[in-house]
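Please look through the structure shown here before reading on. The paragraphs below take its parts in turn.

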Amino acid sequence: MTQRTHREVRLAARPQGPVTDDLFEIVEVPVPEPGPGQVLVRNTVMGVAAVMRTLMDETSVVPMPSYEIGEPLHGAAVGEVVAAPGTDLQPGDLVEHRFGWREYAVVDAGQVQRLDPGLLPDPAAYLSQGPTAWMGVVRGAEVRPGDTVFVTGAAGGVGSLAGQIARLRGAARIIGSTGSQEKADRLIKEFGYDAVVIRGAGPLEEQLRTAAPDGIDAVFDNVGGEQLRAALALANRGARFAIVGALAAQLSGDGKATVEIDTLSLLSRSITLRGVALYEHLDLIPEWNQRFGEGLREGTLTFPHARLQGIEQAPRALRELTEGRHLGAVVVEL
């Protein structure tokens with residue numbers, strides 16, 4: 001039997017800087033009723049991502065709707081169908097949709113993706129940022145056998161998978177960046193990185209030059225700013241840069257982290273800079289899920305993530321994500 005009420009997380013105020021718990025409000029409301037062509041889903045797990053901090057601002061350059069004060073936040077979630085009148089979905093079906101941050105959601109049937117419960121060993125793995133990592137490695141940086149690859153933000157949900165994917169693509173040397181020695185050690189021991197440069201442990205360009213004495217062939221950039229500048233200095237002729245994220249700008253006070261680029265140097269070295277966003281490469285998602293399921297079962301891929309319990313932990317999950325507390329993706333089990 002469906003509960004009469006459920007909890008949802010609403011935006012209480014716009015942030016003036018970092019994410020803080022008082023920006024959110026957890027409210028108990030009636031469970032919504034689905035109309036014809038709609039699906040009532042009991043959410044079981046939701047994901048948080050760095051872009052959510054950007055969506056908390058009133059306006060942003062991200063091609064996604066900003067959160068509204070007094071309204072629930074939204075984001076990827078996986079759950080079970082409770083009722084779906086007038087649709088081909090059945091109670092118990094596993095689905096994914098964009099109405100996380102609440103325990104129950106009513107979603108138009110066209111906005112629900114039915115999932116194969118046997119494809120991935122853990123339903124939460126559907127919330128990995130693997131499609132973005134796969135896109136950046138395969139289509140953005142076009143990683144090739146023998147490449148030296150640099151992944152910025154290597155300990156995040158995207159970067160912790162990008163390094164593993166680069167290895168599957170035949171990269172010879174994989175270098176990451178992160179913010180602590182503890183994360184650097186884990187990236188090397190657990191996730192296949194050969195070397196890691198540490199933000200704040202000395203000039204990044206010098207660290208990168210030591211880690212990549214023969215230069216860099218492919219860059220998967222989640223961060224921008226100083227790290228992108230260092231990668232450009234070490235780029236070999238014909239290097240390919242996938243600009244996948246802009247964390248330095250997202251977490252700066254004014255939303256900017258500009259990088260001065262010597263275009264003559266780019267031209268003379270035939271360097272490619274390519275911005276890639278998943279919404280233009282959605283066709284890769286089924287391909288990734290298939291590869292991810294195979295890799296998880298064979299042990300050639302892992303799903304690095306932190307899992308918090310209860311919707312009341314969702315604000316903390318986003319705060320800790322933006323503070324760099326976790327390695328890998330961050331999900332909340334509802």
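Helices (H or I, at least four residues) and strands (E, at least two) are DSSP runs numbered from the N terminus, contact means heavy atoms within 4.5 Å, and buried means under 20% relative accessible area, exposed over 50% and partly exposed in between, with a 1.4 Å probe and protein chains only. The model is a predicted one, in which local features need pLDDT of at least 70 and side-chain atom pairs count only at pLDDT 80 or more, while totals for chains, interfaces and linings use all residues. Residues are numbered from 1 along each chain as its sequence is written, and side-chain values use heavy atoms, with hydrogens and water left out.

Which residues of α4 are buried? They are Lys183, Ala184 and Leu187. Seen down the axis of α4, these buried residues fall within an arc of 105°, so they line one face of the helix; the arc is that of the directions from the helix axis to the C-beta atoms. Glu182 and Lys189 are exposed and sit on the face of α4 turned away from the buried side. After α4 comes glycine 192, with a positive phi near 80°.

Two strands count as paired if DSSP finds at least two bridges between them. Strands β8 (residues 148-151) and β11 (residues 216-221) pair in the parallel sense over three bridges. Within this part, valine 151 stands opposite phenylalanine 220 in β11.

Glutamate 142, in the loop between α2 and β8, has a positive phi near 45° although it is a residue other than glycine. Glutamate 142 is partly exposed, at a relative accessible area of 28%. Serine 270 lies in the loop between α8 (263-269) and β13, and its phi is also positive, near 55°, again in a residue other than glycine. The relative accessible area of serine 270 is 38%, which makes it partly exposed.

Next comes helix α9. At 1.5 Å a residue, the 15 residues of α9 (residues 284-298) should span 21 Å, and the end C-alpha atoms are 21 Å apart, which agrees. The expected span is 1.5 Å times one less than the number of residues. Leu284, Trp288, Asn289, Phe292, Gly293 and Gly295 are the buried residues of α9, and they pack against α2 (130-140) and α3 (159-168). Just after α9, glycine 299 takes a positive phi of about 85°.

The aromatic pairs remain. Rings of Phe, Tyr and Trp (its six-membered ring) pair if their centres lie within 6.5 Å; planes under 30 degrees apart count as stacked, over 60 as edge-to-face and the rest as tilted. By this rule there are four aromatic pairs. One of them joins phenylalanine 24 and tryptophan 101, which are stacked at 5.9 Å centre to centre with 5° between the planes. Phenylalanine 24 lies in strand β2 (residues 24-30) and tryptophan 101 in the loop between β5 (94-97) and β6 (104-108), so the pair ties together parts that are 77 residues apart in sequence. Phenylalanine 24 is buried at a relative accessible area of 9%, and tryptophan 101 is buried at 0%.

The rings of tryptophan 288 and phenylalanine 292 have centres 4.6 Å apart and planes at 25°, so this pair is stacked. Tryptophan 288 and phenylalanine 292 are four residues apart in helix α9, and therefore separated by about one helical turn. Together with Trp134 and Phe303, Trp288 and Phe292 form one aromatic cluster.
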